[in-house]
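Hello,

Here is the structure we talked about. Please open it alongside this note; my findings follow below it.

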Amino acid sequence: MPSDTKIEELKKAFKDKKCIIEVHSNVMEIKFEKEEDADWFEDIFQYYQSESAVCCLMPIRPKGKSYYKFVFNVKDIDKFIELIKKGK
């Protein structure tokens with residue numbers, strides 16, 4: 001499980017993307033408020049996966065809800081934070 005410090009660092013890396021991050025062991029859940037932020041994340045997740053930072057994305061986009069949720073495994077939290085900061 002990533003430390004609280006790593007989670008705070010990840011939240012800062014998301015900058016202007018409004019999201020809620022929950023961590024359950026090595027499984028992370030991110031909820032975005034805006035559809036365009038969710039689209040951005042889903043579009044570049046393949047890149048994160050190819051860089052061995054994350055895997056196994058499960059997108060959840062419930063109709064009529066005001067959030068867009070993604071659940072996935074975190075393989076390397078430091079690499080994931082680095083990739084988010086780069087904007088890829």
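Tyrosine 48 is buried, because its relative accessibility is 0%. Keep in mind that this is a predicted model. Tyrosine 48 pairs with phenylalanine 45, edge-to-face. Their ring centres are 6.5 Å apart, with 80° between the planes. Both residues sit in helix α2, three residues apart, so about one helical turn separates them. In general, an α-helix has 3.6 residues a turn, so residues three or four places apart point the same way. Phenylalanine 45 is buried too, at 2% relative accessibility.

Next, phenylalanine 41. This residue also belongs to helix α2, which spans residues 35-50. Phenylalanine 41 counts as buried because its relative accessibility is 0%. Leaving aside residues up to four places away in sequence, phenylalanine 41 touches Phe14, Ile30, Phe32, Tyr48, Leu57, Phe70, Phe72, Phe80 and Ile84. Lysine 79 is another matter: its C-alpha atom is 16 Å from that of phenylalanine 41, and the two are 38 residues apart along the chain.

Now the core. The largest nonpolar core has 25 residues. Which of them touch the most other members? They are Leu10, Met28, Phe41, Tyr48, Phe72 and Phe80. Two or more residues of this core come from each of α1 (4-13), β1 (19-24), β2 (27-32), α2, β4 (68-74) and α3 (77-86). Leucine 10 has contacts with Ile21, Met28, Ile77, Phe80, Ile81 and Ile84, again not counting residues up to four places away in sequence.

On to the rings. There are 15 aromatic pairs in the structure. One of them joins phenylalanine 32 and phenylalanine 70, whose planes stand at 70° with centres 6.0 Å apart, so the pair is edge-to-face. This pair links distant parts of the chain: phenylalanine 32 lies in strand β2 and phenylalanine 70 in strand β4, 38 residues apart. Both of these phenylalanines are buried. Ring pairs also build a cluster from Phe14, Phe32, Trp40, Phe41, Phe45, Tyr48, Phe70, Phe72 and Phe80.

Two lysines sit over rings. The charged end of lysine 17 is over the ring of tryptophan 40, 4.5 Å from its centre. Lysine 31 lies over the face of tyrosine 67, at 5.1 Å from the ring centre.

Last, two backbone angles. Most residues other than glycine have a negative phi. Lysine 15 has a positive one, near 45°. Lysine 15 follows α1, in the loop between α1 and β1. Is lysine 15 buried or exposed? Its relative accessibility is 64%, so lysine 15 counts as exposed. Cysteine 56 also has a positive phi, near 60°. That cysteine is found in strand β3, residues 54-60.

Best wishes

Terms used: Residues are numbered from 1 along each chain as its sequence is written. This is a predicted model: local features need pLDDT of at least 70, side-chain atom pairs count only at pLDDT 80 or more; totals for chains, interfaces and linings use all residues. Side-chain values use heavy atoms; hydrogens and water are left out. Helices (H or I, at least four residues) and strands (E, at least two) are DSSP runs, numbered from the N terminus. Buried means under 20% relative accessible area, exposed over 50%, partly exposed in between (1.4 Å probe, protein chains only). Contact means heavy atoms within 4.5 Å. A nonpolar core is a set of buried Ala, Val, Leu, Ile, Met, Phe, Trp, Tyr and Cys residues joined through side-chain atoms within 4.5 Å. Rings of Phe, Tyr and Trp (its six-membered ring) pair if their centres lie within 6.5 Å; planes under 30 degrees apart count as stacked, over 60 as edge-to-face and the rest as tilted. A charge sits over a ring if NZ of Lys or CZ of Arg is within 6 Å of the ring centre and within 35 degrees of the ring normal.
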